[in-house]
Amino acid sequence: MQPPTFHTFTRRLHIHLGLFLLLFIWLFSLSGLLLNHGGWKFASFWEQRQESKIDIAVPLNALTDPNPDARIMEFLKISGEVQQQKRTAEALEFRVQSPGIVTDVSIDLTTGSGTKKVMKYNVWGKWRTLHTFNGMSKENPSQSPNWLVTTIWRFTMDGIAVGLIITCLSSWIMWYDVRKEYKLGYSILAGSLGVAGYFLFWN
Amino acid sequence: MKKYYSLVRALHLYFGLFISPFVLIFSISVLVLNHTAYFNRLRPGEDGQPIQKHLAGFQPQPSDSLTAKSILRSLDLSGEIDWISKTDTTFSFPVNKPGLIHWISFNTKTGIASVTRRDEGMLKGTTYLHMMPGQHNARMRGNSVFMKAWRVATDFFVYFVLFVSASGVFLWYFLRPERKLGIYSLGFGLAFLIVLLMLLF
């Protein structure tokens, strides 16, 4: 059996990487559309969110733990990305977020009593959140994800991005091999590079 | 169905070539968005010195958006106004272009505008494009010709991506030698996605 030529390798890589990424491409393409068209009624999520608020009481020993957020989350059986932590002498507040579920916890540090507010999105809201859920904060760029699942999802997004870059570059190589049959490709590629360049370097 | 193969192949190739620079922009921006701290170290933003200019005879306009645009014209600047903040004496707003932000603060009493320029570089420029027009400030968004054009471009980009990916599946289906491995590729992708969704939800 002969080793595959560069052309064959590139072609097979393009096909199979594209197929592997297919559902991810659709997931992110459609969620991108949803994010850009917040006014689409069929995909509205904010108005349909479900909110609940319950009183809670956590064991006082959880509050003296070096990492009380984790102990409280364990006690309340919630998991997700911890954000917006605020601690004063009297109270502890934090938000736990996973795609489609936002939980705000507020605890009185002297008594251990507090509240848990939960907001749940519908399927459209969950889908939108998947697009932006990377555990990063615009206000604090040095912040890293603190939930293992967020880290996995973030590296998956990286992998998809690298996969798409490879798919693009391989498409250029594949077209170059058949450029004589598809001469319009020169104009199309030059035109699209021009349009993309206009948007990127418009300043 | 096979009679359409040549046509679909040509369309897949041409549409694919057309969207490829945009795919690169969106893909690179994902890496920048997910590793902001690293890219900030690689290419820190450069802040310019604030410049002050007296806008003689400036008149407020009927709306905040028009007032901001009028200030921009007086300063000979252009871009997408991100949001507007007002107090009794100041009228402030950032104006964005990919990788470039101008912070403008106009004192309505003195008529002096202060402009601070921040150059964030091309890589951050890709993240700006990625997040625009986006879900926030929907009423404000699209106040520049650039953003109106980009809004249309992103929509077309998505529709082309959907066409190119679907036509790719069509073309693969007719490649008998690749069919078995292709089913595995699709299956692995599906299984990986299901596992991730189970973890996330």
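Me: How much area do chain B and chain A bury between them?
Reply: This is a predicted model, so the value is computed from predicted coordinates. Of the buried area, 75% is on carbon and sulfur atoms. The contact involves 69 residues of chain B and 65 residues of chain A. The area that chain B and chain A bury is about 5900 Å².

Me: Which residues form the salt bridge between chain B and chain A?
Reply: The rule finds 1 salt bridge across this interface. A side-chain nitrogen must lie within 4 Å of a carboxyl oxygen. Here the N to O distance is 3.1 Å. The residues are Arg12(A) and Glu178(B).

Me: Which element gives the most residues to the side of chain B that touches chain A?
Reply: Between chain B and chain A, 16 residue pairs are in polar contact, both at pLDDT 80 or more. The elements that give two or more residues to this side of chain B include helix H2 (36-42), helix H5 (145-173) and helix H6 (176-200). The top contributor gives 19 residues. That element is H1(B).

Me: Which residue of E7(B) stands opposite Phe106(B)?
Reply: Start with strand E5 (residues 90-97) of chain B, which pairs with strand E6 (residues 100-107) of chain B in the antiparallel sense over 8 bridges. There, Phe91(B) has Phe106(B) as its bridge partner. E6(B) also pairs antiparallel with strand E7 (residues 112-119) of chain B, over 7 bridges. On that side, Phe106(B) faces Ala113(B).

Me: Which residue in the turn between E5(B) and E6(B) has a positive phi?
Reply: The hairpin of E5(B) and E6(B) has 2 residues between the strands. The E6(B) and E7(B) hairpin has 4, and there Gly111(B) takes a positive phi near 80°. In the E5(B) and E6(B) turn, the positive phi is about 80° and belongs to Gly99(B).

Me: What is the bridge partner of His54(B) in E7(B)?
Reply: Strand E1 (residues 46-47) of chain B runs antiparallel to E7(B), joined by 2 bridges. In that pairing, Asp47(B) has Arg118(B) as its partner. Strand E2 (residues 51-54) of chain B is also antiparallel to E7(B), with 4 bridges. For His54(B), the partner is Ile112(B).

Me: Why is the ring pair of Phe45(A) and Tyr121(A) given its class, and what is that class?
Reply: The whole structure has 33 aromatic pairs over all chains. In this pair, the ring centres are 4.9 Å apart. The planes meet at 80°, and the cut-off for the class is over 60 degrees. Therefore the pair of Phe45(A) and Tyr121(A) is edge-to-face.

Me: How many residues apart are Phe45(A) and Tyr121(A)?
Reply: Phe45(A) sits in the loop between helix H1 (6-36) and strand E1 (50-57) of chain A. Tyr121(A) sits in the loop between strand E5 (113-120) and helix H4 (123-132) of chain A. The pair links distant parts of the chain, 76 residues apart.

Me: Is the peptide bond from Met132(B) to Pro133(B) cis or trans?
Reply: Pro133(B) lies in the loop between H4 and H5 of chain B. Omega for the bond from Met132(B) is near -5°. The bond is cis.

Methods: Residues numbered from 1 in each chain as written. Chains lettered and ligands numbered in written order. Predicted model: local features only at pLDDT ≥ 70, side-chain atom pairs only at ≥ 80, totals over all residues. Heavy atoms only, no water. Pairing = 2+ DSSP bridges. Contact = heavy atoms within 4.5 Å. Buried area = accessible area lost by both parts, 1.4 Å probe. Polar contact = N/O pair within 3.5 Å; in protein donor to acceptor, adjacent residues only side chain to side chain. Phe/Tyr/Trp six-rings, centres within 6.5 Å; stacked < 30°, edge-to-face > 60°.
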